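Here is a short report on a protein structure. Take a look at the sequence and the model first, then read on.

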Amino acid sequence: MDTPTSLPSPASVAARPALLMATAFLCHWQAGDGILALTVMAFLLALATPWLAAVPRFPAGLAWALYAGALAGGLALAAGFVTWGLLPFAFLVSGQSLALMGLAGLGARAPGQARRRYFLMGLAGVVVTAAPVWLAPLLEATERAPWFDWLVAGNPVLHLGAALGGDPLRSDWLYRHSPMGSYDYRYLGTGTALAATWALAALSWAAAEYARRPLVAPLSSTHDPGDDP
Amino acid sequence: MNWTKPCAVAVMAFLFLTTPSAAAATDPALIGQAKRAADSGLRYLRANQGEDGSWSGSVGITALALRAFLENRRGYTEEDGPFITRPIQFLLAHVKDDGSISETIYNRNYNTAVAITALEATGNPQYDEVIRGGQQFLQGLQLGPKDGYEADHKYYGGIGYGGDERPDLSNQYMAIEALKATGLAEDDPLWDRAVTFISRCQNNSETNDIQGMGNDGGFTYMPLYSPHGDAGSYGGMTHAGLLALLYAGVERDDPRVQAAYGWIQGNYTLEDNPGAKGKQGLFYYYNAFSKTMRAWGEPELVDDRGVAHDWRADLINRLMALQKADGSWVNDESGRWWEDRKDLVTAWTVIALNNAINP
């Protein structure tokens, strides 16, 4: 089990869903009030997680799972108060938040310096998310190809915008900076996006748990079983 | 010999030959070829119609293909059979409670606009209620004070794809065309608001209060933005803008209309979409071009060098040269704005040919 000193701060925990929600806010400004409420709720829920994880004999993984579940339920509840249209968005945010945490957990066990690992992970996230923009010259110069679909399917921010009922690729800023919105594209359906996100979350958490399993100390080469009593 | 009379005859003949309104009609043989090309396009569409009567399962493409049939010189009607009635049923099956007609929450303006235009083209009063609902939905999309956009905002009066997205001239023109075709009252306040947004998409400093726009008379996609760079004017949008102004009731002698027509005269070509990158938006341009030229009502367009062009002949020759062996059309060089979709581009092009064929 992680020691309390290795736990991330509540602010850093809350920053992940808050960042996602802030990005979604940009994609769908009309839902601003609801998203703001959900962001505050995510922060409040995050306060409890390090405390839970620090409780002796309380598994850290369970703490994070509780956090994700509470986040999903809380967001869903808040979404219900704001508008039922936000419900899939709430579950998508919590799923993406959980997936990010799982990937961060995996990153923690990857070789190399911690700061460099997280930098590379963050960079990869930005590269994937911003692909419609930095690929704009190529998208414009080439014929539409199947990889266009993967560009949309693999972009979590687009799914958030679409789950809110928006059309992020044709939003004012993105349409001006990427030709992607002028092509024939399809967002993943909300159900597909939810299933993919939560599957990724489950996989990354399982992998992270496996990576942090207790290691068995190797037997000494000088050890002679015959010495055992 | 008295030369007065022969000279007068010669002068009369010269005037007759050089006056645009007296220009010779397009070669009937070419018109005949255009009719066959359109028939071939319609055969392609019919062969590629879905079991449910739609094309590609899309309300927008289905409505455009239906319109291609209904506006054809053969005068197809619902009595001609299921290839006309089934797409109509497909459209009706996608009518929503809010009046929109769409299979998706995206493109709701575009889909609803082309759907009610096609339903109107059937001439069947049975669809009037659906058309009225579609009109009201389109009216509700127009940005105004209810959405926080006051008259001095660059997006005031605009209509976008549907939803909360930004407005643009292309969607505006589609909505305006639909509302005009379906007989929205001329005194409806929508028209004035629409003209405000349309004018702000024009590179015409005399009539556009948006700082930073150009001054060549052409139109761009939306204020201060063109997908072909900066806020430059280009063919597809200039024809769309001019059409939208005319549909909205702006007179031909209005400086905005004159400036737009001047841009078209100065950039006359059917080789490409003038002002656009490569061949992007080429068939959209042909479709809008055919509507504008027909609405303008002159058989010839005199460019800024004084050269008269038989636009019908030019358009027909160009479209026939681009037709595929199976009767379809498609943009081989760009898939932007869905021009890599054969059914969509074929529908657009048959509509363009219909406009060139019909007087």
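## A walk through the predicted model

Seven residues of helix H9 of chain A are buried: Val157(A), Leu158(A), His159(A), Leu160(A), Gly161(A), Ala162(A) and Ala163(A). The helix spans residues 156-163, so with seven of eight residues buried it is mostly covered, since buried means under 20% relative accessible area. Keep in mind that this is a predicted model.

Look at the two ends of H9(A). At its start, a side-chain oxygen of Asn155(A) comes to within 3.1 Å of the backbone nitrogen of Val157(A). After the helix comes Gly165(A), with a positive phi near 85°.

Now turn to chain B. It has 359 residues, and 60% of them count as buried. Its secondary structure consists of 13 helices and two strands. Take the contacts in chain B between residues at least 6 apart in sequence: 62% of these join residues at least 24 apart. Chain B exposes about 14,400 Å², and carbon and sulfur atoms supply 50% of that area.

Next, the nonpolar cores. In soluble globular proteins, nonpolar side chains tend to be buried together. The largest nonpolar core here has 109 residues. Leu91(B) and Leu353(B) have the most contacts inside it. Helix H13 of chain B, residues 342-357, gives the most to this core, with 10 residues. A second, separate core has 16 residues, including Leu135(A), Ala145(A), Phe148(A) and Tyr183(A).

Helix H13 of chain B also holds Thr346(B) and Thr349(B).

The side chain of Thr346(B) reaches the backbone oxygen of Lys342(B) at 2.6 Å. As for Thr349(B), its C-alpha atom is separated by 8.6 Å from that of Tyr284(B), and the two residues are 65 apart along the chain.

| Residue | Residues in contact |
|---|---|
| Thr346(B) | Gly41(B), Tyr44(B), Leu45(B), Gly327(B), Ser328(B), Trp329(B) |
| Thr349(B) | Phe283(B), Leu319(B), Trp329(B) |
| Leu353(B) | Ala34(B), Ala37(B), Ala38(B), Ile316(B), Leu319(B), Trp329(B) |

Finally, see where the chains meet. How many residues does the contact take from each chain? Chain A brings 21 residues and chain B brings 26 residues. The area buried between chain A and chain B is about 2,100 Å². Carbon and sulfur atoms give 42% of it. Arg170(A), Tyr175(A) and Arg176(A) supply 33% of the area that chain A buries against chain B, more than any other three residues.

Charged and polar groups take part as well. Across this interface there are three salt bridges. In one salt bridge, the side chains of Glu140(A) and Lys277(B) meet at 2.5 Å, N to O. There are also 13 residue pairs in polar contact across the interface of chain A and chain B. Helix H10 of chain A, residues 172-177, gives the most to the side of chain A that touches chain B, with three residues.

Terms used. Residues are numbered from 1 along each chain as its sequence is written. Chains are lettered from A and ligands numbered from 1 in the order in which they are written. This is a predicted model: local features need pLDDT of at least 70, side-chain atom pairs count only at pLDDT 80 or more; totals for chains, interfaces and linings use all residues. Side-chain values use heavy atoms; hydrogens and water are left out. Buried means under 20% relative accessible area, exposed over 50%, partly exposed in between (1.4 Å probe, protein chains only). Helices (H or I, at least four residues) and strands (E, at least two) are DSSP runs, numbered from the N terminus. A polar contact is a pair of N or O atoms within 3.5 Å; within protein, one must be able to donate a hydrogen and the other to accept it, and residues adjacent in sequence count only if both atoms are side-chain atoms. Contact means heavy atoms within 4.5 Å. Accessible areas come from the Shrake-Rupley method with a 1.4 Å probe; for residues, only the protein chains shown count as cover. A nonpolar core is a set of buried Ala, Val, Leu, Ile, Met, Phe, Trp, Tyr and Cys residues joined through side-chain atoms within 4.5 Å. Buried area is the accessible area (1.4 Å probe) that two parts lose on being put together, summed over both. A salt bridge is a side-chain nitrogen of Lys or Arg within 4 Å of a carboxyl oxygen of Asp or Glu. Lists of a residue's contacts leave out its neighbours within four places in sequence.
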